[in-house]
Each structure stands twice: as structure tokens, then as C-alpha cells.
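Visitor: I would like to learn how to read helix packing and aromatic pairs in a model.
Guide: Here is the model to work from.

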Amino acid sequence: PNTSLSFLYAFFAQGLFFSMWHSDATVRNPRAQLELAEELSDVLVKLPIGKSMHFFEAFLIIMRREWFKIDRLRLDKYYSLVRLMMRKILVSSSYSR
């Protein structure tokens, strides 16, 4: 996409990264982080395939840039987010055929 659109995808992906950063599981809802990761990854299925691919690319760029800042206590929730994003982009691309 054009430069301004790429910036918006990156900005949105950065926001998703930090919403995940600040999510914590609680005693009442230990699955809160997994539920958030599921909701965030649903974006890929709801967008048209071209936009999904551009957003996924921006997501991967943000993850690559921020990965080494993730501490060991937050690592599992990011593994879940990456796994779900990968699954949803594959599902989304298989429906577009």
C-alpha cells in the first residue's frame, strides 16, 4: 500500500501490541489474555484479504522490532498472539481462493 496507509497499519499493529502488553490474567478471569489475543487476531478475518495481508505484514514488523523487549513473564501471551495471528491469516487466505 501507499506510505500513509502503511503507517496506519503499523500504528494499529503497535496499538495491538501494547494492548496485549497491558492485559493481565486475573483470578476471576485467568483466560483474559487468551481471549484478548483471540479478539485481536479476528481483525485478520474481518478485513478483505489484501488489507489483511498488509496488516499482518505490519504486525510482523512490529513484533520483530519489539520482541526482544518482552520479558519472560509476558512471553507466553505473545506466543499465543503470534500463533493466533498466523492461524487467522492462513484461514483468511484460504477463504479468498
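The dialogue takes up helix packing, then aromatic rings.

Guide: This is a predicted model, in which local features need pLDDT of at least 70 and side-chain atom pairs count only at pLDDT 80 or more, while totals for chains, interfaces and linings use all residues. Residues are numbered from 1 along each chain as its sequence is written, and side-chain values use heavy atoms, with hydrogens and water left out.

Visitor: At what angle do the axes of H2 and H4 cross?
Guide: Axes are lines fitted to C-alpha atoms, for helices over the stretch in contact, and angles between N-to-C directions run from 0 to 180 degrees. Helices are DSSP runs (H or I, at least four residues), numbered from the N terminus. Here H2 (residues 32-46) and H4 (residues 75-95) have axes that come within 8 Å and cross at roughly 30°. H2 and H4 are therefore roughly parallel (angles under 35 degrees; over 145 counts as roughly antiparallel, 65 to 115 as roughly perpendicular, the rest as oblique). Their crossing is right-handed (the near helix is turned clockwise from the far one by less than a right angle; anticlockwise is left-handed).

Visitor: Which residues make the contact of H2 and H4?
Guide: Contact means heavy atoms within 4.5 Å. Among them are Leu34, Ala37 and Leu44 of H2, and Leu81, Leu84 and Ile89 of H4. The residues of this contact divide into nine nonpolar, four polar and five charged (Ala, Val, Leu, Ile, Met, Phe, Trp, Tyr, Cys and Pro count as nonpolar; Asp, Glu, Lys and Arg as charged; the others, Gly among them, as polar).

Visitor: Are H3 and H4 roughly parallel or antiparallel?
Guide: The axes of H3 (residues 49-66) and H4 come within 10 Å and cross at roughly 160°, and the two helices are therefore roughly antiparallel. H3 passes H4 in a left-handed crossing. The contact includes Phe55, Phe56 and Phe59 of H3 and Tyr78, Met85 and Met86 of H4. Its residues divide into 12 nonpolar, three polar and no charged.

Visitor: How many aromatic pairs are found in the whole structure?
Guide: A pair of aromatic rings is described by the distance of the centres and the angle of the planes. Rings of Phe, Tyr and Trp (its six-membered ring) pair if their centres lie within 6.5 Å; planes under 30 degrees apart count as stacked, over 60 as edge-to-face and the rest as tilted. The search finds seven pairs. Phe12 and Phe55 form a tilted one, 5.2 Å centre to centre with 50° between the planes. This pair links distant parts of the chain, with Phe12 in H1 (residues 3-21) and Phe55 in H3, 43 residues apart.

Visitor: Is Phe55 buried or exposed?
Guide: Phe55 is buried, with a relative accessible area of 1%, whereas Phe12, at 41%, counts as partly exposed (buried is under 20%, exposed over 50%, partly exposed in between, with a 1.4 Å probe and protein chains only).
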